[in-house]
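This briefing is meant for a reader who is meeting this structure for the first time.

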Amino acid sequence: AYKAISLAQQSVQNTGPLSIPMNLRNAPTQLMKDLNYGKNYQYAHDYEDNFVKDEYLPKEIAGTSFYIPSHNGTEGSLATRPRNWWKEKYNF
């Protein structure tokens, strides 16, 4: 987690603030709904294994991996699910 947080902080320093993807934006007003805030959002808990393959990062850094699980100890066993979910995207 320490390495992931450090990489994320470095990314923010390099890119500055980036826009939240439209599908992740809250749409409490009709104007925001009309602007497609939240459109096509997939609520993970409505899907098998509570998981959806979706991009949660801004387009400028889409596909970036901040957390790279090791094969050591507990982390190795905890990382099994993310490896299975994302292996083709992040080459875990």
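The model shown is a predicted one, and its secondary structure comes to four helices and zero strands. Within it, N23 and N26 are both placed in the loop between α1 and α2, yet N23 counts as buried, whereas N26 is exposed.

**Overall build**

- Read from the N terminus on, the elements of the chain follow one another as α-α-α-α.
- The radius of gyration of the chain is 16 Å, which is well over the 12 Å that the globule rule gives for 92 residues, and the chain is therefore more spread out than a compact globule.
- Taken along its principal axes, the C-alpha trace of the chain spans about 50 × 35 × 20 Å.

**Burial, contacts and surface**

- Of the 92 residues in the chain, 20% are buried.
- When the contacts in the chain with a separation of 6 or more are considered, 45% of them are accounted for by residues 24 or more positions apart.
- The chain exposes about 7100 Å², and carbon and sulfur atoms supply 53% of that area.
- The chain carries 10 positive and 9 negative side chains, and the centres of these two sets lie 3 Å apart.

**N23, a buried loop residue**

- The loop that holds N23 runs between α1, which covers residues 2-15, and α2, which covers residues 30-34.
- N23 has a relative accessibility of 15%, and because buried means under 20%, this residue counts as buried.
- Not counting residues up to four places away in sequence, N23 touches G38, K39, N40, Y41 and D54.
- With D54, one of these residues, N23 also makes a polar contact from side chain to side chain, at 3.1 Å.

**N26, an exposed loop residue**

- N26 is likewise found in the loop between α1 and α2, but its relative accessible area is 60%, and since exposed means over 50%, this residue counts as exposed.
- Once its neighbours within four places in sequence are left aside, N26 is in contact with M32 and Y37.
- N26 and N50 are 24 residues apart along the chain, and their C-alpha atoms are separated by 20 Å.

Conventions: Residues numbered from 1 in each chain as written. Predicted model: local features only at pLDDT ≥ 70, side-chain atom pairs only at ≥ 80, totals over all residues. Heavy atoms only, no water. Helix = DSSP H or I, 4+ residues; strand = E, 2+ residues; numbered from the N terminus. Buried < 20%, exposed > 50% of the residue type's maximum accessible area, 1.4 Å probe, protein only. Polar contact = N/O pair within 3.5 Å; in protein donor to acceptor, adjacent residues only side chain to side chain. Contact = heavy atoms within 4.5 Å. Rg over C-alpha atoms; globule rule 2.2 N^0.38 Å. Areas by Shrake-Rupley, 256 points an atom, 1.4 Å probe, with all protein chains shown as cover. Lys, Arg positive; Asp, Glu negative; His and termini not counted. Charge placed at Lys NZ, Arg CZ, Asp CG, Glu CD.
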